[in-house]
Structure formats: structure tokens, C-alpha cells
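Me: I have a chain to read and want to start with its fold. Where do I begin?

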Amino acid sequence: RALSNNEEKYVATAEDVKALQHPYGDCEIPPHRFANHELGTLYQPAFPGSGSRMTYELVQALTGYTISNDHNYAVDPNVRRKVVSVKTHYPNRNGISLEDFDEDFHGAILVIRNPIKAIPSFYNFWYERLNHLENHSVRAPKEEWIAYRDANLEEQLRSWRWHMDYW
């Protein structure tokens with residue numbers, strides 16, 4: 001509701017500002033760990049730019065168990081069956097196949113984002129990486145995005161669909 005001229009306006013206190021600066025508010029997120037027993041690991045596939053890192057962080061925070069990615073899972077036998085899920089972009093060229101480890105997996109958490117949002121998000125990631133910028137810190141200049149989009153949209157849409165069909 002709108003304030004009338006007779007009402008006092010709320011002024012934020014130092015406590016309010018401090019609470020806003022804490023990334024998780026009042027939530028305490030315990031450190032994650034590898035399981036000391038075998039877990040029924042889940043695939044966590046997502047097309048690049050779909051929020052797989054955010055999902056990774058949420059699953060770790062909710063379960064307390066460490067999550068791996070496809071590269072680490074494939075090369076480190078100490079990780080196998082000791083993580084709750086494995087983030088992958090496979091069959092996209094940025095992911096690697098884990099079919100040799102299918103017996104380790106008992107399901108999937110499929111992260112789906114509309115390609116209208118995912119493709120530009122992934123382009124922004126590459127723009128930051130190529131320019132040595134912090135992840136999620138800037139968006140690529142509009143002219144560069146448009147040039148990329150015009151040259152690559154059909155290929156990216158085919159790749160997105162292939163990813164959906166595969167999973």
C-alpha cells in the first residue's frame with residue numbers, strides 16, 4: 001500500500017543491511033562431504049546455460065553430500081558411488097559420456113531451461129571465460145551476442161533438442 005503523508009517511512013537499520021549482505025540470509029549451510037557408504041548416485045544432466053551450477057549447489061546444500069562432475073567421476077575412482085549426483089552436459093560437446101558407469105546410477109535430476117534463456121546464458125559464460133571475467137559478472141555486449149546468435153542459433157537449437165532427446 002502507498003504511504004500517506006502522515007505515516008512514518010521505514011528506515012533500514014545497520015542490522016537490516018548486514019542481513020542482506022549475507023548470501024544465505026539466516027540459513028546455515030553445513031559443509032558437504034563424500035559419503036562413507038555407497039550412494040545410489042543420480043545423473044544431473046543439463047544443457048549448458050540451464051542452471052546446472054545452481055542446481056549442483058542446491059543439491060549439495062540439501063543433502064550434505066558432495067556432488068561431482070562428469071570429468072572427475074570418470075577419472076577418479078575414489079569419487080564413484082560416494083557422491084549424490086554427477087553434473088554433466090553430455091551429449092553436448094562440453095560433457096563426456098558416463099555410459100561405462102551406468103550401473104552406478106539410479107536415476108536423474110534433469111535440469112531443463114527454455115533454449116531462449118539457456119543459449120544466451122551459455123554465450124555469456126563463454127564471453128566471461130574468454131575475457132577472464134568472474135562467472136556471472138557481466139553480460140556479453142549486445143552486438144557480440146547478436147552476431148553469435150545469427151551465426152549459431154540453428155546449431156545450438158539442434159544441440160539443445162539432441163540433449164533433450166538423449167535424456
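Reply: Begin with handedness. A crossover is right-handed if, with the strands pointing away from the viewer, the path from the first strand over the helix to the second runs clockwise. Helices (H or I, at least four residues) and strands (E, at least two) are DSSP runs, numbered from the N terminus. Here E2, helix H3 (residues 70-75) and E3 form a right-handed β-α-β unit.

Me: What kind of model is this, and how are residues numbered?

Reply: The model is predicted: local features need pLDDT of at least 70, side-chain atom pairs count only at pLDDT 80 or more, and totals for chains, interfaces and linings use all residues. Residues are numbered from 1 along each chain as its sequence is written, and side-chain values use heavy atoms, with hydrogens and water left out.

Me: Which pattern does the chain follow along the sequence?

Reply: The pattern is α-β-α-β-α-β-β-α-α. That comes to five helices and four strands.

Me: How do I read the order of strands in the sheet?

Reply: Strands of a sheet pair through backbone hydrogen bonds, either parallel or antiparallel. Two strands count as paired if DSSP finds at least two bridges between them. In this chain the four strands make an open sheet, ordered E2-E3-E1-E4, with parallel pairing. E2 and strand E4 (105-108) are the edge strands, each pairing on one side only.

Me: How many bridges join E1 to E3, and which residues stand opposite each other?

Reply: Four bridges join strand E1 (residues 41-45) to E3. Proline 45 faces threonine 88 of E3. E1 also runs parallel to E4, over two bridges; there threonine 41 is opposite phenylalanine 105. On the E2 side, strand E2 (residues 68-69) and E3 share two bridges, with asparagine 69 partnered by lysine 87.

Me: Are the faces of E3 covered or open?

Reply: Buried means under 20% relative accessible area, exposed over 50%, partly exposed in between (1.4 Å probe, protein chains only). Both faces of strand E3 (residues 85-88) are covered. Ser85 and Lys87 are buried on one side, Val86 and Thr88 on the other. Over the chain, 34% of the 167 residues count as buried.

Me: Is Methionine 54 buried or exposed?

Reply: Methionine 54 is exposed, because its relative accessible area is 56%. This residue belongs to helix H2 (residues 52-63).
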